[in-house]
Amino acid sequence: MCINWPSGINETSFLQDYWQKRPLLIRQAFKDLPEIISPQELAGMALEPEIESRVISNFQSPMNWQLSTGPFEEAFFSQLPEDHWTLLVQDVDKYIPEAKNFLKQFNFVPSWRVDDLMVSYAVDQGSVGPHTDSYDVFLIQLQGNRLWQISDENYSKDDLLPDSEVKVLCNFKYQHEWLLTPGDMLYLPPDIAHWGIAQGDCLTGSVGFLAPSASEIFSAWSDHVLQATSDSERFSDSDLSDRVSPCEISASDISKAEKIIARLIKENPDSMRRSFGELISQSKSHLEIIPGAENNHPEQHPKQGVSYCHHPYLRMFYTVDENNTVLLFANGETFQLDAGEKAYAQYLCENDQFDFDDLQQWMDNEKNKSCFTMLLGAGCLEILESTDENS
């Protein structure tokens, strides 16, 4: 299965001409779309306490949007009306192998940018209202039909419906309207206002992308630098001179403070690389990776006859610094490998499953062996199966 791009468009031209620039409707993007999940299975996921789910409805009146958050009881769904509500379940890819495999169709975008596959089930006229997202999104029609209205207008927080549980636009005007049928896909850049309305019962997949805010990036960097900075380093002004008022903060004072920040940046050249890698590899707070009992003796691995796999929640990426040193990031932690070990880091990140025979070519390097042991001990890697009775 792969994306059936429109004539004249491929992955390269999409990134150049559409990504974060303008919407693109792709008719029959997936001609042989497999069943990723059924509406009944999706409702079952919404009963689980560890899974993030919500129901949005407006059956009471068109502008009276109601939000209910999971986990739900089975009786909750039987009390809902026949129209004007939507069930949304996040991180379906963390629990359904078919959903995780489906996300591989979007590997032309860096994998660290991919957040999750959300799936929504809507009854007739079900919707989450007209809104904007702060991230890119691919909307894939899995079952049934959904009408999408797209606006060219620029909206802000001031345009949101006041005193509403759901962030919807109160004066939405659209210029484009498309009916998506199974297999169709719509790409929307950030901040494009849109409104999807179910035409009968339907199932829609939403591939969302991670876009850290400036404050998140700065906070992660500053925390990283603070750990390496001594409190003994302080503001100094040996060139202090008279000024008009003792209450004045002079331009020279501000300049000295700015030079402290500039020096911290210069003296910590690797801090952004490490802090950013740790930020984007951190799992969501409710998706905690907890080692299983089978991970109790990680120092014994890898070994013959044992297969391993990524924990379903694992986010793992790598980078290479100016000195060719390889940094592997997993679940918010940094693992430093030797220069030239990029192939090992790439292998661990790109493959969901592997066994001893795959790994042994790298195990003569002590740092590689130690990295694998720590990943297994932390639960980032799991023991998938064993053919060794003594494992």
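The model is predicted: local features need pLDDT of at least 70, side-chain atom pairs count only at pLDDT 80 or more, and totals for chains, interfaces and linings use all residues. Residues are numbered from 1 along each chain as its sequence is written, and side-chain values use heavy atoms, with hydrogens and water left out.

**Overall make-up**
- The protein has 10 helices and 15 strands, where helices (H or I, at least four residues) and strands (E, at least two) are DSSP runs numbered from the N terminus.
- Its C-alpha trace spans about 80 × 70 × 50 Å along the principal axes.
- Of the 391 residues, 43% are buried; buried means under 20% relative accessible area, exposed over 50%, and partly exposed in between (1.4 Å probe, protein chains only).
- Among contacts with a separation of 6 or more, 78% join residues 24 or more positions apart; contact means heavy atoms within 4.5 Å.
- There are 27 positive and 62 negative side chains, and the centres of the two sets lie 8 Å apart. Lys and Arg count as positive and Asp and Glu as negative, while His and the chain ends are not counted; each charge is placed at NZ of Lys, CZ of Arg, CG of Asp or CD of Glu.

**Nonpolar cores**
- The largest nonpolar core has 44 residues, and F14, F106 and F138 have the most contacts inside it. Such a core is a set of buried Ala, Val, Leu, Ile, Met, Phe, Trp, Tyr and Cys residues joined through side-chain atoms within 4.5 Å.
- Elements that each supply at least two residues of this core include β1 (24-26), α2 (39-45), β6 (137-150) and β9 (194-209).
- The largest share of this core, four residues, comes from β5.
- Another core, of 27 residues, lies apart from it and includes Y313, C371, F372 and L376.
- Beyond its neighbours within four places in sequence, F14 is in contact with W5, I9, W19, L24, F108, F138 and Y187.

**S281 and helix α7**
- S281 is in helix α7 (residues 271-281) and is buried, with a relative accessible area of 0%.
- The buried residues of α7 are S271, S275, G277, I280 and S281, and they pack against α5 (214-227), β11 (316-320), β12 (326-330) and β13 (333-337).
- The side chain of S281 reaches the backbone oxygen of E278 at 3.4 Å, and a polar atom of that side chain lies 3.0 Å from the backbone nitrogen of G332.
- Leaving aside neighbours within four places in sequence, the contacts of S281 include R315, F317, F329 and N331.

**L169**
- L169 lies in the loop between β6 and β7 (176-180) and is buried at 3% relative accessible area.
- Its contacts, leaving aside neighbours within four places in sequence, are P130, H131, T132, Y155, D159, L160 and A193.
- The C-alpha atoms of L169 and K157, 12 residues apart along the chain, are separated by 8.7 Å.

**S13**
- S13 is in helix α1 (residues 11-17) and counts as buried at 15% relative accessibility.
- A polar atom of the S13 side chain lies 2.8 Å from the backbone nitrogen of N10.
- Leaving aside neighbours within four places in sequence, S13 is in contact with G8 and Y18.

Terms used:
A polar contact is a pair of N or O atoms within 3.5 Å; within protein, one must be able to donate a hydrogen and the other to accept it, and residues adjacent in sequence count only if both atoms are side-chain atoms.
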